[in-house]
Amino acid sequence: MEEVSQSPVSPYPRTHEKLRDSSPSVSAVQCANCFQWRLISSQEEYEEIRENFIQKPWFCDDKANVTCQDPSDIEYDATRTWVVDRPNIPKTPAGFKRYVHVRKDYSRADTYYILPGGKKVRSRTEVESFLEANPGYRDAGITVDGFCFTTPKIMKETIPEDVEVEVVIRRK
């Protein structure tokens with residue numbers, strides 16, 4: 001996954017969140033036809049694309065007034081750190097907010113959700129406890145399956161050169 005060129009690096013185009021400091025600042029998607037990067041204007045639109053990405057690939061002409069012949073909106077380079085989101089992560093339920101935070105040493109990212117009321121949760125178990133204590137959300141169709149704590153991959157070639165990344169190997 002070193003360079004984005006005229007051929008895809010993975011079997012499907014990718015959605016990325018481009019990071020400045022430690023929280024996402026820009027969301028982009030790669031065209032399934034020309035592999036150019038296009039900026040996505042809102043988090044909601046980005047999540048809709050990501051949720052159905054394998055079943056419904058994204059193309060440049062899915063964006064108004066854009067074709068594959070137009071220059072990329074953004075270049076994949078090391079001017080900022082990029083993270084690769086996995087495809088088909090469910091869209092965040094209404095009233096909740098999904099956050100990805102990259103640690104200061106860029107060793108990994110953490111995914112968490114902010115619940116209505118402001119509480120931060122970091123696991124499906126915590127979400128399940130919230131839903132049990134607040135059955136109105138379940139009645140509205142919200143289930144634990146609507147939450148994904150899978151962390152995106154930090155693209156190593158885009159980590160600033162002055163950062164020393166600590167790699168930890170854990171034994172089971």
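## A first look at the chain

Of the 172 residues in this chain, 38% count as buried; buried here means under 20% relative accessible area, exposed means over 50%, and partly exposed lies in between (1.4 Å probe, protein chains only). This is a predicted model, in which local features need pLDDT of at least 70 and side-chain atom pairs count only at pLDDT 80 or more, while totals for chains, interfaces and linings use all residues. Residues are numbered from 1 along each chain as its sequence is written, and side-chain values use heavy atoms, with hydrogens and water left out.

The accessible surface of the chain comes to about 10,200 Å², and 48% of that area belongs to carbon and sulfur atoms. Such areas come from the Shrake-Rupley method with a 1.4 Å probe, and for residues only the protein chains shown count as cover.

## Helices, strands and a sheet

The chain has three helices and eight strands. Both are DSSP runs numbered from the N terminus: helices are H or I with at least four residues, strands are E with at least two.

Three of the strands make an open sheet in the order S5-S6-S7, with antiparallel pairing; two strands pair if DSSP finds at least two bridges between them. S5 and strand S7 (120-121) are at the edges with a single partner strand each, so one side of each has no neighbour in the sheet. Between S5 and strand S6 (residues 109-114), the antiparallel pairing runs over six bridges. To find one of these places, look for Lys 97, whose bridge partner in S6 is Ile 114.

## Inside the fold

In soluble globular proteins, nonpolar side chains tend to be buried together. Here, the largest nonpolar core has 13 residues, and those with the most contacts inside it are Phe 96, Tyr 113, Val 121, Val 127, Phe 147 and Phe 149. A nonpolar core is a set of buried Ala, Val, Leu, Ile, Met, Phe, Trp, Tyr and Cys residues joined through side-chain atoms within 4.5 Å. Helix H2 (residues 124-133) supplies the largest share of this core, three residues. A second, separate core of eleven residues includes Val 29, Trp 58, Val 66 and Cys 68.

Leaving aside residues up to four places away in sequence, Tyr 113 touches several others, among them Thr 92, Lys 97, Val 121, Phe 147 and Phe 149; a contact means heavy atoms within 4.5 Å. Across the chain, 63% of the contacts with a separation of 6 or more are between residues 24 or more positions apart.

## Charged pairs

The structure holds nine salt bridges, each a side-chain nitrogen of Lys or Arg within 4 Å of a carboxyl oxygen of Asp or Glu. One of them joins Arg 38 and Asp 73 (3.4 Å, N to O). This pair links distant parts of the chain, 35 residues apart: Arg 38 is in strand S3 (residues 37-40), and Asp 73 is in the loop between helix H1 (43-51) and strand S4 (81-85). Arg 38 is buried, at 0% relative accessibility, whereas Asp 73 is partly exposed at 32%.

Another salt bridge brings together Glu 48 and Lys 91, with their closest N and O atoms 2.9 Å apart. Glu 48 lies in helix H1 and Lys 91 in the loop between S4 and strand S5 (97-102), so this pair ties together parts 43 residues apart in sequence. Glu 48 is partly exposed at 38%, and Lys 91 is partly exposed at 25%.
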